[in-house]
Amino acid sequence: MNVRKLTAAGALGTAGLLVAGPAFAGVDPETKFALDTFSFLMTGALVMWMAAGFAMLESGLVRTKNTASICLKNIALYAIAGICYYVVGYNLMYVGVDGGWIGHFSLFYDASPAELTLIGADQATPDMVAAVVGNGYAKMSDWFFQMVFVATAASIASGTMAERVKIWPFLVFVVILTAFIYPIQGSWVWGGGWLSEMGFSDFAGSTLVHSCGGWTALTGAIILGARKGKYGPDGRVNPMPGANLPLATLGTFILWLGWFGFNGGSQLALGSAADASNMAIVFANTNMAAAGGIVVAMLMTQLLYRKIDLTMALNGAIAGLVAITANPDVPTIWWAILIGGVGGLLTVLCVPLVDKLKIDDVVGAISAHLVPGIWGTFAVAFEDGNYKAQIVGILAIGVFVSVTSAIVWLALKYTVGIRVSAEEEELGLDRAELGMEAYPEFGLGSSRA
Amino acid sequence: MNVRKLTAAGALGTAGLLVAGPAFAGVDPETKFALDTFSFLMTGALVMWMAAGFAMLESGLVRTKNTASICLKNIALYAIAGICYYVVGYNLMYVGVDGGWIGHFSLFYDASPAELTLIGADQATPDMVAAVVGNGYAKMSDWFFQMVFVATAASIASGTMAERVKIWPFLVFVVILTAFIYPIQGSWVWGGGWLSEMGFSDFAGSTLVHSCGGWTALTGAIILGARKGKYGPDGRVNPMPGANLPLATLGTFILWLGWFGFNGGSQLALGSAADASNMAIVFANTNMAAAGGIVVAMLMTQLLYRKIDLTMALNGAIAGLVAITANPDVPTIWWAILIGGVGGLLTVLCVPLVDKLKIDDVVGAISAHLVPGIWGTFAVAFEDGNYKAQIVGILAIGVFVSVTSAIVWLALKYTVGIRVSAEEEELGLDRAELGMEAYPEFGLGSSRA
Amino acid sequence: MNVRKLTAAGALGTAGLLVAGPAFAGVDPETKFALDTFSFLMTGALVMWMAAGFAMLESGLVRTKNTASICLKNIALYAIAGICYYVVGYNLMYVGVDGGWIGHFSLFYDASPAELTLIGADQATPDMVAAVVGNGYAKMSDWFFQMVFVATAASIASGTMAERVKIWPFLVFVVILTAFIYPIQGSWVWGGGWLSEMGFSDFAGSTLVHSCGGWTALTGAIILGARKGKYGPDGRVNPMPGANLPLATLGTFILWLGWFGFNGGSQLALGSAADASNMAIVFANTNMAAAGGIVVAMLMTQLLYRKIDLTMALNGAIAGLVAITANPDVPTIWWAILIGGVGGLLTVLCVPLVDKLKIDDVVGAISAHLVPGIWGTFAVAFEDGNYKAQIVGILAIGVFVSVTSAIVWLALKYTVGIRVSAEEEELGLDRAELGMEAYPEFGLGSSRA
């Protein structure tokens, strides 16, 4: 059911068991089942940890008066994403897509009867074991791994739209995104839909996760409008610096760590020499693309501004990670450094550009997720030559996510409203919407207002 | 020796090797040994990480003047718990319980001679390997995994009793708890004692870890008394808000991540299709119970107070995790969401109730660990029907832990004293007991006193 | 190629596959390949996480005006270390050392042709699998694991030299350290060079990583000089307390968690009963050495100063971890507690001593890494009796690293300069070198200047 990767290398992931025979006779199928399952669980836990990374990054980059609110949004969206993906999302994405545009609309996704029978048996029979092992991995381990990805996509918009979006309407958007928008576009590729049949390749989600999240952020930021005072009447951009840079640094480190799970786990299997070797390449490349992104971002800000900008360096690392995500198993590390480095470069160039367009992206997510995601997805074609499929995929998903997101944001805007009042924005969302302060004892300075 | 789980599913964990034969012929025993050992080590490392989660959660929820002190208590108690569990605790809990009330009082628990022989051999013989593999997993991997659990139990009281308990007497209590109280009640169930024989079931410790810790917190808080000024003479509850909510959020995310190890590793084995499948179910359910807890807590605080309370939402997630811990392998995720959701509901209802009783629980641990732990343990009976065993277990452990804790707290109170002076409390424990400040450069406001 | 450990136990790590036959027939070689590879990847990810630990520890222990700068240095050095180790470092350390003093000077280290062939094959043949499995583990998994170690070594100096070293010269030093100095001394032992032939033993790098980093820190601190005002003309030491102790605590917990990967992964293999058993011993001992370090440090500061010093306790934990790193597979936990406890004792004694010598070590890294690293390396001889090899190794690496570091620091000092101006130091590196503030909204007090 899960044809999440369609590159030659990726096909090993799910096909390993099927081609067992002389070539793969080495690894016993039940052992491979345990290895592949454990790989999903451990790497999935690392991806879950990225939710904390986004929470810390965004907590560090907003102003103090909106910090508790962004914490709440991040932990709440992670919870909601899981529920929605369980209720309808997974089935829409992975069940019965068959080359088409959408999976089945059916409720819930749970362990198989064969698994429950085996688990509940006092004495397992070979037939019981075979019925479970035939699936390749435990059903819930795959579900868990896929679920943490939808949460990642949902995390991206929260940072961009921070400091003025209302909590509940934002969470309603998260419901639609994680139950419908993300799963539908995901089904086109990882579910075995039309884009995968065309040969579009996106190993771990440069487009399917990061650009998807980036498009929702861009659409949302445009419809929501900029923070009060961000753009002066004379075109001046007023900096509103992040309040707690060690937290932002911590968040970036968390994301970097989690990305080993994000990309490495997307090998989808561990229990063969080919899978394990490719997973190792993915880990190394993932790390080095981030390294490339941060070094380029540091050099660029030094050259352009004569100072190294820490937040730009952090975004450079993230951009490098996003860029390599479409193709983290390139055969040499140099190539990974280059792909990540270009990602870092694009981020440094895009941040002022986005500001020039008066699109107020509080944490730089459009520049660090959307643009490097497009770049990384396009760069796959340098290797496989299928430029058409990559471009069609980037555009199709961009249009679909942007249009559907815009419809949802506009519907929310003209019904319940998506923006707090000017007074609430001035006061800060923490006091306005939560009735509390993130740092109640700290004497906060003039830039706070 | 370790019969930590007695449910039908759980029995797979330790019985897998024993029933090897046709059914489980697939996984070679030495491979299974490596898998089960590695599972203990990786999931144990995640549980160790929960110590950091408690430290950050509590650092974020106390006032700045007591922050360094709570950091110290948390890292110190983790260290002490390990030492005490090594010296006597593990043996009391797991060696020679045989349906009784306590294990052997013997010192130290180390690698087996068979393991040391194999490790030291220049050339391993099949007999050497068999002698080690026969145990099912490396002895120290099991010890490590069990040890991080006792540390978790010890972490719970520190938050409740923060801001007024003296450091050294608190650490003396930790010694008694981790060397004796926790291991003895643990022996009744996971050591194969009388409660396990009765059919009491607690997969990963809703009662044995979280309610146990909760009972010590409750007893301690009553004997210690409330913070000065917390409860006004007119019955008014004075809020003393946490000083650093991003840290509290980080702590909750850490706990959530660590809980995958806590519950998932409690499968106690990985190397069979049944174990791997059940571990996957546990991961998914653990995540979704937390999601249920947080969503219910958010909705409840919105309904009751017209604002979403971030700290309540965080406690809701924790309550959901605690509640599912007794039975994280329920067959459908919906059930897990419901169990966690009720946990979140109970927390929101209990926090004001505990305050009404003038029991001063600084971080809400009684509401987030004790009460949901009872609920989750009771809810096991909905599945297995053994209401009597569950109720007897909840009560027996509650009485034993409360009475023994009370004796220790009272003995400390009437000898060395357990509470700092009123002046020291006013000044803050950081300056009074450590001679330092957690945030020495930050201008701290009026709520600090 | 990788003979990273030469103790009897360690030899299992790489020799396991070679001695396969009757003794180890149990574990299929391809399964072992997957297990050993996955072990490198998971434990390597934990070691990468230590980079975040250093960043948080140091962020918490510097003053607010230098916080963003130390964040930047830490994430940048991690990125640079990886690039340099890829370009030349790994080859210098592991390729063609053959009992000598240095490996090959050759560029880049990537996946093998055999791996790429297998990964790219539509249908793997037994020959393809055998060609890959014969290496024992995926090449990139080993590279990844070794790479995160060089980053650890580079992290140590940043804390010691904080608050006055210029960013770019510091990063140039990191280039030399990670491309040349660390790999050359590493080749002497783990690369199979002259020290390993003499019988010098350092399981996971008490000397090769922690003392190496410590020597660079010591040399750098002497050449750089103390912070303005740290040492009064009358010999008085002016305390400059860390600005954010919860962050420092978090950093210590992160390091502690990461150390399970650092020491546990250094078993270099998982897929045999001997390897798995020894890895479990390593996990348990690593934890308990830290526990010993922290308890001794707490008791010592209570005895010496009548107060428990949180930062000293944190350094005690780190010192315990460093001390056990040379020999984390001692057969009993008591021994590990003792080795770690002495490490904690040494730290408490060394911190004032270093100050007396007017060597300004901002975070105490010399006392927590260099000195316990020497102690732990020496203590190996209590077990294996080879005092000569241990002493020669400690001295040889100490001299080599100190001399080469001094040359680099002096060359930088007399060309581009390594220290910011007095005005910039007064202003803080964040504003001087980055043009930003770590906590722009927080009203910062008088100790800030």
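With which residue does B:Arg419 form a salt bridge, and how far apart are the closest N and O atoms?

Modeller: The partner of B:Arg419 is B:Glu425, and their closest N and O atoms are 2.8 Å apart. A salt bridge here is a side-chain nitrogen of Lys or Arg within 4 Å of a carboxyl oxygen of Asp or Glu. This is a predicted model, in which local features need pLDDT of at least 70 and side-chain atom pairs count only at pLDDT 80 or more, while totals for chains, interfaces and linings use all residues. Residues are numbered from 1 along each chain as its sequence is written, chains are lettered from A and ligands numbered from 1 in the order in which they are written, and side-chain values use heavy atoms, with hydrogens and water left out.

The classes are as follows: buried is under 20% relative accessible area, exposed is over 50%, and partly exposed lies in between (1.4 Å probe, protein chains only).

Over all chains, the structure holds 21 salt bridges. One of them joins B:Asp36 to B:Lys32, with the closest N and O atoms 2.7 Å apart. Both residues belong to helix α2 (residues 29–61) of chain B, where they are 4 residues apart, about one turn of the helix. Helices (H or I, at least four residues) and strands (E, at least two) are DSSP runs, numbered from the N terminus. B:Asp36 and B:Lys32 are both buried.

Another salt bridge pairs B:Arg227 with B:Asp360, the closest N and O atoms being 2.8 Å apart. This pair links distant parts of the chain, 133 residues apart: B:Arg227 is in the loop between α9 (206–224) and α10 (245–264) of chain B, and B:Asp360 is in the loop between α13 (333–356) and α14 (365–384) of chain B. These two residues are also buried. In chain A, A:Arg227 and A:Asp360 are part of a network of salt bridges together with A:Arg63 and A:Glu163.

In chain C, C:Glu163 lies in the loop between α6 (139–160) and α7 (167–189). Its relative accessible area is 2%, so C:Glu163 is buried. The backbone deserves attention here: phi of C:Glu163 is near 75°, a positive value in a residue other than glycine. Most residues other than glycine have a negative phi. A:Asp98, likewise not a glycine, has a positive phi of about 50°. A:Asp98 is found in the loop between α3 (67–94) and α4 (113–120) of chain A and, at 74% relative accessibility, counts as exposed.

The nonpolar side chains complete the setting. The largest nonpolar core has 462 residues, among which A:Trp143, B:Trp143 and C:Trp143 touch the most other members. Such a core is a set of buried Ala, Val, Leu, Ile, Met, Phe, Trp, Tyr and Cys residues joined through side-chain atoms within 4.5 Å. Apart from neighbours within four places in sequence, C:Trp143 is in contact (heavy atoms within 4.5 Å) with residues of chain A, namely A:Ala284, A:Met288 and A:Ile333, and with C:Gly82, C:Tyr85, C:Tyr86, C:Tyr90 and C:Tyr109.

C:Thr249, in helix α10 (residues 245–264) of chain C, is buried with a relative accessible area of 0%. With neighbours within four places in sequence left aside, C:Thr249 is in contact with B:Met56, B:Cys71, C:Leu310 and C:Leu314.

Finally, the arrangement of the chains. A rotation of 120° with 0.0 Å of shift along its axis superposes chain B on chain C, with an RMSD of 0.0 Å. The two copies are thus related as by a three-fold rotation axis. In chain B, the C-alpha nearest the axis is that of B:Gly443, at 3.1 Å. Chain A can likewise be laid on chain B by a turn of 120° and a shift of 0.0 Å along the axis, with an RMSD of 0.0 Å. Superposition is by least squares on the C-alpha atoms of residues with pLDDT of at least 70 in both copies. Only 14% of the interface residues of chain A are also interface residues in chain B, so the copies meet through different surfaces.
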